[in-house]
Amino acid sequence: MTTGVHSRSAWLHPDLEAIAPRPRRKVHLDYHNSQFEPRVGYAFDPDEFVATLKKASIDSIVVFAKDMHGYFYYPSEHGPVHPGLEGLDLMGEQVEACRRAGIKVYTYYCVTWDNYLAEHHPEWLCFRRERDTYLPAFDETPNWTALCLSNDDYVELMLDHTREILSRCRPDGVWYDMPMPNPEVECFCHNCLEAIRAEGKDPFDIRVQRERMQELLTMWLRRSKEVVDEVAPGVELEQNNQTRLGLAERAEYLYNVDIEALPSGEWGYGYFPLNARYVRSLDLPSTGMTGRFLLTWADFGGLKSENQLTLETAWIAATGSAVCIGDQAPPSARLEPGVYRTIGAAYGSLAAIDDVLEGAVGVAEAALVVSGLQLADYGRTERHGTHAISDGASGAAKMLSELGVQYDVVEAGTVDLDRYPLVIVAEGDELTPAVTAELEAYVEAGGTLVHSAVPGTTLDEAPWLRDLGVTHSEPSPFTPAYLRIADGFGDTVDGYDFALYDGADRWTLGGDAPSDSVQVAATLGEPLFQRSPEHYTSHHQSPVATQTGKPVVLVGDRLAAFAFPVASGYYAHGYWLYAELFRRVLDSVHPERLVRSSAPSSLELGLTHQPETATHGERFILHAVNFAGATRRGRDHTEYFDQVVPQSGVPVELDLPLDVARVYDARTGLDVESTGEGGRIQVTLPAVAIHGVLVLEATRRSDLP
Ligand SMILES: [Zn+2]
Ligand SMILES: [Zn+2]
């Protein structure tokens, strides 16, 4: 038996697989202490510190050099040193203890958020459009200070701080937080206005601003790396806030991307999956971050259940990312036993299967394309004057994850789309001529494209609509509009008119189109009038009155399109029908899947790959992460998972580019019965409590006769 990669059925990220394995179970130990904490670090005991970390299966940690208040945690000559340390070199002792114990250690340094520098150097502050700064009012508590990286003396000072840190201790890496220039990602300070105008550009144009902010950020990444490389070769740099468009340009300065995305905090459960797949598309390793907090940072007394933390860390590992759990040490600097018992439960579950996590990389059969402004943050809804990011990418990512489709998130123009058998274009993408040309070339080369259109999309922006027979497109004047599923496109409440809450385009099909191979899967219904002060009825939208006969879902052999925002619609309204239509469309145009299952959407299936090593053959690892048991959420609290509802008897079909010789459960080591041959394998998953892990392994080459 030999292993052979079938052509274009899956992208395995060979360059990412070639990178040496990195730490996989990290803790980010926040430690921001203001002047109102009179004593800090007073209960720190290096032996107890590392013993606690080891017991919780932690292999790496971020400790503090300088916090957001501006305080240093070692005797810095620059200062201010936190007065409550009373001379203690806390950072130095933490770094030393970790190195002795073989725990990788990174030193935290806050870049554009520094209250001390903001108060002492107001000339370094970013200015907003409204000609004020980001500083909160004098009677408010501190927030992001937003110092502008255009100030060379400020940048030089931070580089001197870096030199000082590296002269005092030898961490494995320095960890810079908040290098992003400011929350709105534009700056109207004197330097920025002058620099933009000197190039003859308009500082009020958000596109111009984003290019400048990307330049400043990239400059910081480059200069900080130059200093670290010069004074401490081999020490790595981590830079937070990198999960924003334009990452390809910044990638050369990065070793890894930490994805700050505490799911129970402001990021929700949508941010990490999208961005982990964006980072890996560029062959960068990533670390997904959750928190031990009930909610978000500095939630003292807020502690997740062991089950929820185990679930969230499994969910991160299932993408091939390393894991980080956020904690904040109390002022005493003594780690809290309750916190590390909880972290230990989650990390113990991953440590038990570390053999199938080490060097494993996520696999992709599809690319979800994103495109837009530099530094756009695709995992969040972003609104800025006329510029807005819809939740199209988040909604498409959610549907793909729920269907078990393995996907990357690809920024247009960065990597070859021909790697992927399937490309998804969701609303929210800017279909510039360059993006459109790239997608058209992909379709012409034989790729399969599914497009979810925002109302108002033109045929020039989406010329593949012409291939589906559309000759004219205009927005329907009605929001909501309605959709009726055509006969022959699956059985769903025949003849019912489902609401399209965010409107739709009216598509006209040409006389001789669509061809036989194009199916009208659903048609557009419209009401008698748009609800307004002049025309209204009842509490909400006007009911359907007209069947236009115009298509709202078209499905061809390798092309399919929605005339309404199916992805952001699903994300915003949770309408099951949208996900169901998306599923039927994918079944039609992309029937051959890496993983196919009738599992409920609460069971997420993630596929990773490990090349052959001395101890095992090439193999795929199927992660089943069980979100069943989510508590029906109240209006004012976070989602929580405290009860395990095991899933058993779930049938899964795999179609892998590998001849599978053995299938077994990574947790028990027991063989799992399978049918099929080559890479086409059918199995029934052993019961999944929180995190089931199945290994599909080829024979090692050295074991072949
Ligand atoms: Zn922090
Ligand atoms: Zn500026």
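I began with one pair: Asp-587 forms a salt bridge with Arg-596, and their closest N and O atoms are 3.4 Å apart. I keep in mind that this is a predicted model.

Next I looked up where the domains run. The protein is divided into three stretches of assignment: domain 1 covers 25-121 + 152-180 + 241-358, domain 2 covers 366-589, and domain 3 covers 595-703.

I then asked how many salt bridges the rule finds across the interface of domain 2 and domain 3. The count is one. For polar contact I found three residue pairs between domain 2 and domain 3, with both residues at pLDDT 80 or more. On the side of domain 2 that touches domain 3, I listed three polar and two charged residues, and no nonpolar ones.

I turned to the extent of this interface. Five residues of domain 2 are in contact with seven residues of domain 3. The size of an interface is often given as the accessible area lost when the parts come together. Here I read about 520 Å² buried between domain 2 and domain 3, and carbon and sulfur atoms give 39% of that area. I also took down the separation of the C-alpha centres of domain 2 and domain 3, which is 31 Å.

Key. Residues numbered from 1 in each chain as written. Chains lettered and ligands numbered in written order. Predicted model: local features only at pLDDT ≥ 70, side-chain atom pairs only at ≥ 80, totals over all residues. Heavy atoms only, no water. Domains from an automatic or database assignment. Contact = heavy atoms within 4.5 Å. Buried area = accessible area lost by both parts, 1.4 Å probe. Salt bridge = Lys/Arg side-chain N within 4 Å of Asp/Glu carboxyl O. Polar contact = N/O pair within 3.5 Å; in protein donor to acceptor, adjacent residues only side chain to side chain. Nonpolar A, V, L, I, M, F, W, Y, C, P; charged D, E, K, R; others polar.
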